[in-house]
Amino acid sequence: MKKILIPVTNHATLGTTDQANGTYSPEITHAIDVFNKHGVDYDIASIKGGAIPIYGTDIEGDDVNAAVLNNEDFKQRTSNSMSVSNVNINEYDAVFYPGGFGLLSDLASNEDFAKLSAAHYENGGIIGAVCHGPAALLPIKLSNGEDLIASKAITGFTREEEVDYGTINDIPFLLEEALARKAAKFSKVQPWNVHVIEDERVITGQNPASAHAVAEAIVKHLNS
């Protein structure tokens, strides 16, 4: 059985505000729904381990989100995430970073997950990320000293979407700018539309609406 590592944030607020945050629920639940339907296993990990903060759990009309959130296995995994220090990266066929503003405050600069992901990629692994998830790609350096995304076309949550969402003044940094400065190419479509970029084994999605398509692309690569 194929297996995916899902690193998530331990940071429970939006930047330095007191607004509840963490991982944005639909970006992890819609991906896990795809993985489950294709018989792909997963582990949830975080820097510290333990219970992880998730927001967006009360979205109306999102049956997939509600179903995964109510799944006992998912509840168990999100209450007991694996610590990065206990991750054996050789056990995984792909790494997937769901978004949420929380990771801008920890995974976006975390060297431990960055080193694991670099080793994973150089060993032929797949790396996927959606919305703010691509922030976790920023610290990933390959063994030749180059940034992982220096030769990649990628996407991620845009400035326009930050403005629309009302978070532009509270985020620790503007993701679009940070990615555009490091990546070979940053691309985007109109706000909130599905947009996925596949550049070899790096797969990124622009926003929450893109989570399902990113997961499907990861599964396609796993089976190719």
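Which residue lies over the face of Y42? That residue is R77, at 4.2 Å from the ring centre. A charge counts as sitting over a ring if NZ of Lys or CZ of Arg is within 6 Å of the ring centre and within 35 degrees of the ring normal. R201 does the like with Y121, lying over the ring's face at 4.1 Å from its centre.

A word on the model: it is predicted, so local features need pLDDT of at least 70 and side-chain atom pairs count only at pLDDT 80 or more, while totals for chains, interfaces and linings use all residues. Residues are numbered from 1 along each chain as its sequence is written, and side-chain values use heavy atoms, with hydrogens and water left out.

Next come the strands and helices, which are DSSP runs numbered from the N terminus (helices: H or I, at least four residues; strands: E, at least two). Seven strands make up an open, mixed sheet, in the order β5-β3-β1-β6-β7-β11-β10; two strands pair if DSSP finds at least two bridges between them. At the edges sit β5 (82-83) and β10 (196-199), each pairing on one side only. Strand β3 (residues 41-46) runs parallel to β5, joined to it by two bridges, and A45 stands opposite M82 in β5. Helix α7 packs on this sheet and touches β1 (3-7), β6, β7 (126-130), β10 and β11 (202-205). Contact here means heavy atoms within 4.5 Å. The direction of α7 makes about 175 degrees with that of β7, where axes are lines fitted to C-alpha atoms (for helices over the stretch in contact) and angles run from 0 to 180 degrees between N-to-C directions.

What about the inside? The largest nonpolar core holds 68 residues, and I4, I6, F35, F96, Y97 and I218 touch the most other members. Such a core is a set of buried Ala, Val, Leu, Ile, Met, Phe, Trp, Tyr and Cys residues joined through side-chain atoms within 4.5 Å; buried means under 20% relative accessible area, exposed over 50%, and partly exposed in between (1.4 Å probe, protein chains only). Helix α7 (residues 211-222) gives the core its largest share, seven residues. Leaving aside neighbours within four places in sequence, Y97 is in contact with residues including P7, L107, F113 and I140.

Finally, the rings: those of Phe, Tyr and Trp (its six-membered ring) pair if their centres lie within 6.5 Å, with planes under 30 degrees apart counted as stacked, over 60 as edge-to-face and the rest as tilted. That rule gives six aromatic pairs. Y24 and Y55 form a tilted one, 5.1 Å centre to centre with 45 degrees between the planes, and both residues are buried.
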